Amino acid sequence: MVAATLPIEAAVPSEAALRADLTQAVRLIRGVIAHPVPGGLSGAAARRFVALFSEAERAAASGVALFTPRVLETGDYTKDGHGSAADWLGKLSGSSSGAAKGRLAAAARAAQNPLLSEALHDGELSSAQLGLVTATLGEVPGAAGDLLKLVDEGASHKELIDAATQLRAASRSREDERLRRARVHTNRHFRWRQDDNGGIRGGFFCDEVEFARVAPRLEAAAKRRWKAAGNGNGNGDSLEAHRLDAFIDLLSGSGGFGSGSDDGDGDGDGHGRGHGPRPAAPRTLIIVNAESLRRGTTEGDELCEIEGIGPVSVAAATELLSEGGFQYLVKEGFDIKTVTKSTRVIANCIDMALIVRDRVCARPGCAKRCGLETDHRQVDYGDNGPSELDNLVRLCPACHRLKTDGGWRLQGRPGAWEWVAPANAPSAQQMARARKVAVAKAKAKAFVKKDPSGPRRT
């Protein structure tokens, strides 16, 4: 008679063995950073080290989220002499007790969600990602699967924020939206303080619809300043720097934002600083699906967004219908690809289609919304590239420079772009030097053309 055999389960490591492994891992990491090697590494080698450290950071954050609920449950944090769990974790992590309190709350919510618990065991969730997902679950209970799928696909944190915002906006009823906006209005603020190192730091918080009333003019003025400075190539000033300059002008009344001027270039009395025709006043563009407008809410992949700001509820968007300065683009399945224009000035219908298609910077993982520029993707305008939808794409200034000066390319199709590196991708310093040379050559060429001592036609 043969005795029946029972399957032998894999031995589960003891608590002491797991702790010993973790202690050894920490010791190894400390051993690596103790060596004074970063200055002697190549940029590529340092980049690989940072990637490994970032992976370890995510794994460590997942571990903190997995184990802290048990500390809260047992109240064991008091044994280290701390009066609250937030003080205990803040001391350990080197953060404020407020930040630690948010991490503890996110960990507690994650412990109740099987999908999040599984993701934490995989060790791929940062504390910021976990906080965003758990906060979204408070309004959209079924959001974990959608957001975790984006994390698995390598979405950037900005893309994750946009997806969470869209899910929350779609899930709110009209009453929920009214209450949310009332809370935002109650908590509105504008704060500033002198920085310890000099200068002024500030921040504000307001309703999306209220900001949409001033954002287009501010952005238009910032872009005009930035372009007048040579797109920031000559003096290093970023679009963000020019946006602050435009904001200061807006507050001081010296930038033409007052009632006497509508172009942001004037001096407040309607006369503008430059010459030539006054540009049209900037308008706020609101993109919404026709189905969403009829229904009163968005579903699935439907859009309801304020251009340059982000997703809003249909109720918030329709609040602006009676006001001037707002342009609505109702999206209802029309094909605009056949419309082309041979000049650099892009036909309005193509421009609108491009804005609807490329809601954010087209480079995968970027997701920036402000300051986007139109680029001839396949055939450059200088090479007689057509200004048609298939040859156009919207990129943020930084990604546009990578494509123009760094040799990167966009391949694929909208929604599935691939960011293809050149054979020898240049460093930021190499790109800056090459750009300075190109700008100098362009200025020299322009000077030669305008030189009055040159040959004249008779």
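Colleague: Why is asparagine 391 called buried?

Modeller: This is a predicted model, so the value is computed from predicted coordinates. Asparagine 391 has a relative accessible area of 2%. Buried means under 20%. Asparagine 391 is therefore buried.

Colleague: Where is asparagine 391 found?

Modeller: In the loop between strand 7 (373-376) and strand 8 (392-395).

Colleague: What does asparagine 391 touch, not counting residues up to four places away in sequence?

Modeller: Asp375, His376, Arg377, Gln378, Val379, Gly385 and Pro386. Take histidine 376: 15 residues separate it from asparagine 391 in sequence, and the C-alpha to C-alpha distance is 5.5 Å.

Colleague: Alanine 143 next. Is it buried or exposed?

Modeller: Buried. Its relative accessible area is 1%, and the cut-off is under 20%. Alanine 143 lies in the loop between helix 6 and helix 7. Leaving out residues up to four places away in sequence, it touches Thr136, Leu137 and Leu167.

Colleague: Which residues of helix 6 are buried?

Modeller: Gln129, Leu130, Leu132, Val133, Thr134, Thr136 and Leu137. These buried residues pack against helix 2, helix 4, helix 5, helix 7 and helix 8.

Colleague: How many residues has the largest nonpolar core?

Modeller: It has 21. Leu116, Leu120, Leu125, Leu130 and Leu147 have the most contacts inside it. At least two residues each come from helix 4 (97-111), helix 5 (114-122), helix 6 (127-137), helix 7 (144-152) and helix 8 (157-171).

Colleague: What does leucine 125 touch?

Modeller: Beyond four places in sequence, Leu125 touches Arg58, Ala61, Ser62, Leu116, Ala119, Leu120, Leu130, Leu148 and Val151.

Colleague: Which hand has the crossing of helix 2 and helix 5, left or right?

Modeller: The crossing is left-handed. Helix 2 contributes Ser62, Ala65 and Leu66 to the contact, and helix 5 contributes Ser117, Leu120 and His121. By class, that contact has 3 nonpolar, 3 polar and no charged residues.

Colleague: Why are helix 3 and helix 4 called roughly perpendicular?

Modeller: Helix 3 (residues 85-93) and helix 4 pack at about 105°, with axes 8 Å apart. The perpendicular class runs from 65 to 115 degrees. The pair is therefore roughly perpendicular.

Colleague: Which residues meet there?

Modeller: Helix 3 brings Ala85, Ala86, Asp87, Leu89, Gly90 and Ser93. Helix 4 brings Ser97, Ala100, Lys101, Arg103 and Leu104. By class, this contact has 5 nonpolar, 3 polar and 3 charged residues.

Colleague: Which residues of helix 16 are buried?

Modeller: In helix 16 (residues 397-406), Pro397, Cys399, His400, Lys403 and Gly406 are buried. Just after this helix, glycine 407 has a positive phi of about 85°.

Colleague: And the protein chain: how many helices and strands?

Modeller: There are 17 helices and 10 strands. Of its 458 residues, 31% count as buried. Among contacts with a separation of 6 or more, 54% join residues 24 or more positions apart.

Definitions and conventions
Residues are numbered from 1 along each chain as its sequence is written. This is a predicted model: local features need pLDDT of at least 70, side-chain atom pairs count only at pLDDT 80 or more; totals for chains, interfaces and linings use all residues. Side-chain values use heavy atoms; hydrogens and water are left out. A nonpolar core is a set of buried Ala, Val, Leu, Ile, Met, Phe, Trp, Tyr and Cys residues joined through side-chain atoms within 4.5 Å. Buried means under 20% relative accessible area, exposed over 50%, partly exposed in between (1.4 Å probe, protein chains only). Helices (H or I, at least four residues) and strands (E, at least two) are DSSP runs, numbered from the N terminus. Contact means heavy atoms within 4.5 Å. A crossing is left-handed if the near helix is turned anticlockwise from the far one by less than a right angle, and right-handed if clockwise. Ala, Val, Leu, Ile, Met, Phe, Trp, Tyr, Cys and Pro count as nonpolar, Asp, Glu, Lys and Arg as charged, and the others, Gly among them, as polar. Axes are lines fitted to C-alpha atoms, for helices over the stretch in contact, and angles run from 0 to 180 degrees between N-to-C directions. Angles under 35 degrees count as roughly parallel, over 145 as roughly antiparallel, 65 to 115 as roughly perpendicular and the rest as oblique.
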